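These notes are meant to be read beside the coordinates. Each point takes up one part of the structure in turn.

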Amino acid sequence: MSEARKTIYRYDYRRSRDQKGAAVARRPVVVVGAGPVGLTAAIDLAQRGVPVVLLDDADRIGEGSRGICWSKRTLEILDRLGVGERLVRRGVTWKVGKVFSGDELLFSFDLLPEAGHKMPAFINLQQYYLEKALVDRALEFELIDLRWKNRVVSVDQLNDGARLTVETPDGPYRLDANWLIAADGARSTIRGLLGLEFSGVTFEDKFLIADVHMAADFPTERRFWFAPSFHSGQSALMHRQPDDVWRIDLQLGPDADARAEQEPDRVRARLDKVLKPHVYELEWVSIYTFNCRRLDRFVHGRVIFVGDAAHQVSPFGARGANSGIQDSENLAWKLAAVLNGEGGAALIESYDLERIQAADENIGHSTRSTDFMSPHSGAERRLRDAVLALAPKAEFARRMINSGRLSLPKVYDTPLSTPDEDVFAGTAKLGAPLPDAPLIRRDGTETHLVESLSGGFELIYVGDAGREARLCAPHGIKLTVVGEDLQDREGLFASRFDATPGTAYLVRPDQHLCARWRGFNAAAIARAHMRALQR
Amino acid sequence: MPKLVTASRFSDPDAAYLALVQARRNLTETQAAEFDSRLVLILANHIGDLGVLQEAIALAKSAGQEN
Ligand SMILES: Cc1cc2nc3c(=O)[nH]c(=O)nc-3n(C[C@H](O)[C@H](O)[C@H](O)COP(=O)(O)OP(=O)(O)OC[C@H]3O[C@@H](n4cnc5c(N)ncnc54)[C@H](O)[C@@H]3O)c2cc1C
């Protein structure tokens, strides 16, 4: 590309303490891959007091352009890790999506029609800015030893860990890890070295992905077209990013010549039709085909796969990095609990179970969207086109249109949850992240429920006329009383949690609800706590 | 428990069949296939029951030569 973008952050290789002696160093946790997912895992573990070695084969961020949409749940996680507000300030907040057929608007949707959440439904932000923010944050931790230009070239599984060979500009060294987190991306070296198969589907259609720099007053919305006049017969997607950068995805069909299609003249000819009369500069162009697939298991002894190394989806629905970041948050507290002796060994198995449920849901959604966008045969296309033809006239057909169902966190069906014995209405669900709600602190300042959580196990108790003064949560659980420590600012906590005086909610360190009762019973709370720790 | 009704429900089945025939009279093969797709979607939504739809799909498959 002649008109390549210039934003690249470089980092220096440094010889590490583990390259010095003859003995092989042993570290409790080694994370391979400093992409968004590996960085999240390292920061979350360090924040929980676990020392981490983080290896990456590159020494820079921002060569390519990939993810742009970051979901509310991801932002809540990144907020707990200390970068959420920075990202929201830097990003473009949006929540309205529009779908067109030809040049006609079929419908628009609002992704977060509900008030009272700290984080927006989505922001758009170049993935390299997100990675930069995470690297900055990682560098604040003494517990994170981030090593650039460290490429893993071999891995041997040990009974109680894994032995790595790492190549560096100073030559190779060996390193043992009690636990190895493979966050080394879609072409995972570790997956290959362990000989693990990836099963799923590859879509034949090629897509042109272009980032252009242009001053335009297009709305801050996700706009998706089926067969617009500016790109005949195929689909198109347009998204706004910060810095006057726009992302345009154009479906090219299975027969497109990937090399010829990246020629700037050819790209410009296509983009002119979309963007004229606007003047624009090409920042980045690439041709992609997409996969929806996953490993059969994410946990292989002491080697644990997260992010694109474990699963891949097409980008329609923004589930790739968003779900990988959710893998990391799911794993981090569990691994920390196992390492400090609080969690049972089966806790790691629950990572496999819960995140495979999430991967299957994401793969299901992404596969269905991609099927809708690029039907497999003439007969399937005819049905798809029938939906589009009916859409202006019938609501049911509009609801069948699938240009990407946007990423929502999976509600886990999990042995970590204690089944409800009492009846609850509201939007809070066992196995799901807590719905957010606006609250007021003791000092009168405003806050939100999710940001007020401690990051460990927490019991949220709904005040009951002074009884709470005598309550004491079991060891290892922080007690927060709504009505004392926090006030329900607008009654939204009460309605979202179906809260009545005396109700208690047990929250996991990853902000998921794992038990709730209409009353405070210390023995039941202790049992639910042990269950969530698989002890 | 099957829920798909296969017993005749139209008081005048000939009239119902005629309506379907007339809808495709003078259409080309492609136009008829496109029309049928729209009609299937409308009727499927009207039924609004995935179980019934799946039974109907199974019956249609078993009666045809495509499989
Ligand atoms: C066009 C496009 C648009 C997308 N849009 C979105 C979106 O809007 N939202 C979204 O959530 N996702 C999106 N995605 C997906 C997203 O980019 C990926 O899911 C995400 O980058 C995966 O993160 P990761 O950390 O698992 O892997 P990566 O980001 O691939 O990071 C892996 C890291 O491991 C390093 N590494 C690899 N091998 C080794 C080795 N042997 N030794 C040491 N280090 C190694 C690499 O250098 C790299 O830094 C999109 C993807 C594409 C292609």
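1. A residue is called buried below when its relative accessible area is under 20%, exposed when that area is over 50%, and partly exposed in between, with a 1.4 Å probe and the protein chains only. The model is a predicted one, in which local features need pLDDT of at least 70, side-chain atom pairs count only at pLDDT 80 or more, and totals for chains, interfaces and linings use all residues. Residues are numbered from 1 along each chain as its sequence is written, chains are lettered from A and ligands numbered from 1 in the order in which they are written, and side-chain values use heavy atoms, with hydrogens and water left out.

2. A:Ser323 belongs to helix H8 of chain A, where helices (H or I, at least four residues) and strands (E, at least two) are DSSP runs numbered from the N terminus. The side chain of A:Ser323 comes to 2.6 Å from the backbone oxygen of A:Arg319. The term polar contact is used here for a pair of N or O atoms within 3.5 Å; within protein, one must be able to donate a hydrogen and the other to accept it, and residues adjacent in sequence count only if both atoms are side-chain atoms.

3. The ligand is surrounded by 29 residues, the closest being A:Asp56, A:Asp57, A:Arg66, A:Thr189 and A:Asp308; a residue is taken as near if one of its heavy atoms lies within 4 Å. A polar side-chain atom of A:Arg66 is 2.6 Å from an oxygen atom of the ligand, while a backbone N or O atom of A:Pro36 is 3.4 Å from an oxygen atom of the ligand. For A:Val152, a backbone N or O atom lies 3.0 Å from a nitrogen atom of the ligand. Taken alone, the ligand exposes 1000 Å², and the protein buries 88% of that, with accessible areas taken from the Shrake-Rupley method with a 1.4 Å probe and, for residues, only the protein chains shown counting as cover.

4. H8(A) gives the largest share, three residues. By class, the shell holds 12 nonpolar, 10 polar and seven charged residues; Ala, Val, Leu, Ile, Met, Phe, Trp, Tyr, Cys and Pro count as nonpolar, Asp, Glu, Lys and Arg as charged, and the others, Gly among them, as polar.

5. A:Arg247 sits in strand S18 (residues 245-253) of chain A and counts as buried, because its relative accessibility is 7%. Its side chain makes polar contacts with the side chain of A:Ser65 at 3.0 Å and with the side chain of A:Asp211 at 2.6 Å.

6. Most residues other than glycine have a negative phi, and most peptide bonds are trans. Phi of A:Lys149 is near 50°, a positive value in a residue other than glycine; A:Lys149 lies in the loop between strand S10 (144-147) and S11 of chain A and is partly exposed, with a relative accessible area of 34%. For A:Asp243, in the loop between strand S17 (235-241) and S18 of chain A, phi is near 65°, again positive in a residue other than glycine, and the residue is partly exposed at 34%. The peptide bond from A:Lys276 to A:Pro277 is cis, with omega near 5°, and A:Pro277 falls in the loop between helix H7 (264-275) and strand S19 (281-288) of chain A.

7. Chain B can be described briefly. Chain B contains three helices and zero strands, and its C-alpha trace spans about 40 × 30 × 25 Å along its principal axes. Of its 67 residues, 12% are buried, and carbon and sulfur atoms account for 58% of its accessible surface of about 5600 Å².
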